[in-house]
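Biologist: Please show me how to read the geometry of this model, one feature at a time. Could we begin with what accessibility labels stand for?

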Amino acid sequence: MPRFRSHPSRRKSRAVAIGGTAVGGENPLRIQSMLTSDTMDTAACVAETRGLVEAGCEVVRITAPTVKDARNLEAIRESLRSGGIDVPLVADIHFKPEAAMEAAKWVEKVRINPGNFADSKKFNVREYTDSEYAAEIERIREKFTPLVQLCKERGIAMRIGTNHGSLSDRIMNRFGDTPLGMVESALEFARIARSLDYHDLVFSMKASNPKVMVQAYRLLVARLEELEGTDGMGWNYPIHLGVTEAGDGEDGRIKSAIGIGSLLADGIGDTIRVSLTEDSEHEIPVARAIARIAIPGGWTDGLDEFPFDPFSYSRRASEKISRNGIALGGGELVRVVVRREVWDKLAHKIEALGDYKPELVYGDIGVVEIDPRDSDAISRANSSPEPLLVSIPDGCDLPVIAAHRLLAARLDARHPILLKDTFGSQGGDFLENLVRASVHIGSLLCDGIGDAVMVQGEPAPGQSLRIAYNILQAAGVRIFKTDYVACPSCGRTLFNLQETTARIKAATSHLKGVKIAIMGCIVNGPGEMADADFGYVGGAPGKVNLYVGKTPVKFNIPQAEAVDRLVDLIREHGRWVEPAIKL
């Protein structure tokens, strides 16, 4: 495996122009979004783009699922430009190389998905010989070369955007459903582009699972740095960050902040997009908050190796201890801790809080506070015959992520660690507090660090508890409610995603530990649902297909009946429980 390092400042990449806006190099972090309007509805696309630009969006992506849609990009572009809007446009392409060729005539950038640009997903299991694999690469070269040449002639950029849920059968059979497979999928296409002396490339490695997404981007950057200088042309291409199918509400914001923020803190990322199952304008304030908070500084000078594997998840091997009758560490549940004043404010309604109860009080559980730079304090802790519950004192002047990583590196692994989102009062509005906690605590949980968490940057007791639990769920370390994978709407969507997601949540939100995927179309459906228990996917206008895992089991269900049939499917598989009756 290549070596990964965290960058104290943003990773140095080459600048790539997208029309009059450049990404990478010395340019600021760019904020992107994607239209939810039908690409054939020119007026709606123009109006939505105008709203996005007014909200602070710097690059706008539009789906082009067919040649007809791609051709209408000309009308959208001309209407925008005549109205004084010069924001760069990106065509989003899946399955149709001919649509990409048409779209490339009218936009400043084309996004292709290497998993489905020249392949269709059949989930075939097959062993490829080296010669068979090489023949497949040549087949891809033939399909991909015309687009590369057109982009080069027109001077437009290209994003090679891998999605975890749509890796080709060829990649799956050789590398598996892994971050390595995601990276190799992109590099296959990049090598073809580079062989044609085309370098206006941007990479992305999106997944709905923040852990997988973070690992894939880290591996990509490590591979690019390993390749740098091997052929005299450089591999320092800009990186676009995003968590795909993040969902809506607080869950979507938290999941996005964990994935994007973790990487920005490592110095990775030149442009970002938050994908919410909401109106596109709502994505921009979240992206801007993540960009403000998740600044590079995820590591500390003086240490060369991480106290965790940056490319795969395993929880830090602490020993189990007990505090006030509750087990901590040693593979036990990651616990939620509060200050005494928070507990006192909630004491009269603890039972009514349901799944959002505080579990331990900070001042009552013998937390040992250690500045990770204090060698004497570290030595005393490591000399203790019993494992200690350790945290970092408020007032520490290190960046939060760097401080906890340094503590995990210097402290014996047997000592459980309590994570804090801040080392003192921060202020700010609720969104900023939510993003800060998600970036700081969520990134560390994805690294495998942390046996308990405490959110102290959000002053409202109930809201701080909810943030803490939702971070645990989004990071995949403690599942206590239904988990939803929901894609953002776009012009490919075959039903109203926001309304449908709300209906599905109303019917199923009481099912603890069940994961449901809600997909507007098939583009990322089966693969992105690989971790889901059940899937609800647009199959045709007004029709829905239902999945168990990545296997379709019921087809062409009228949309009006589909939520009820989803409930029936959950019943058939023994995962349904009746909701509790509220008295």
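Modeller: A residue is called buried under 20% relative accessible area, exposed over 50% and partly exposed in between, using a 1.4 Å probe and protein chains only. This is a predicted model, in which local features need pLDDT of at least 70 and side-chain atom pairs count only at pLDDT 80 or more, whereas totals for chains, interfaces and linings use all residues. Residues are numbered from 1 along each chain as its sequence is written, and side-chain values use heavy atoms, without hydrogens and water.

Biologist: How is Asn556 classed, and what is its relative accessible area?

Modeller: With 47% relative accessible area, Asn556 is partly exposed. Asn556 lies in strand β23 (residues 551-558), strands being DSSP runs of E of at least two residues and helices runs of H or I of at least four, numbered from the N terminus. Although not a glycine, Asn556 has a positive phi near 55°.

Biologist: Which value of phi does Asn324 have, and where is its place?

Modeller: Asn324, also a non-glycine residue, has a positive phi of about 55°. Its place is the loop between β11 (321-323) and β12 (326-328). Asn324 counts as exposed because its relative accessibility is 56%.

Biologist: Is strand β20 buried or exposed?

Modeller: In β20 (residues 515-519), 5 of the 5 residues are buried, so the strand is largely enclosed by the rest of the structure. Lys515, Ala517 and Met519 cover one side, and Ile516 and Ile518 the other.

Biologist: With which strand does β20 pair in the parallel sense?

Modeller: Pairing requires at least two bridges found by DSSP. Strand β19 (residues 483-486) pairs with β20 in the parallel sense over 4 bridges, Asp483 having Lys515 as its bridge partner. Strand β21 (residues 534-540) also pairs with β20 in the parallel sense over 4 bridges, and there Ile516 stands opposite Phe534.

Biologist: What is the order of the open sheet of 8 strands?

Modeller: The order is β8-β7-β6-β5-β4-β3-β10-β9, with parallel pairing. The edge strands, β8 (201-206) and β9 (240-241), each pair on one side only. Helix α9 (residues 283-293) packs on this sheet, touching β3 (30-34) and β10 (271-273), where contact means heavy atoms within 4.5 Å.

Biologist: Which residues in α8 meet α9?

Modeller: Arg253, Ser256, Ala257, Ile260, Gly261 and Leu264 in α8 meet Val286, Ile290 and Ala291 in α9.

Technical notes: Axes are lines fitted to C-alpha atoms, for helices over the stretch in contact, and angles run from 0 to 180 degrees between N-to-C directions.
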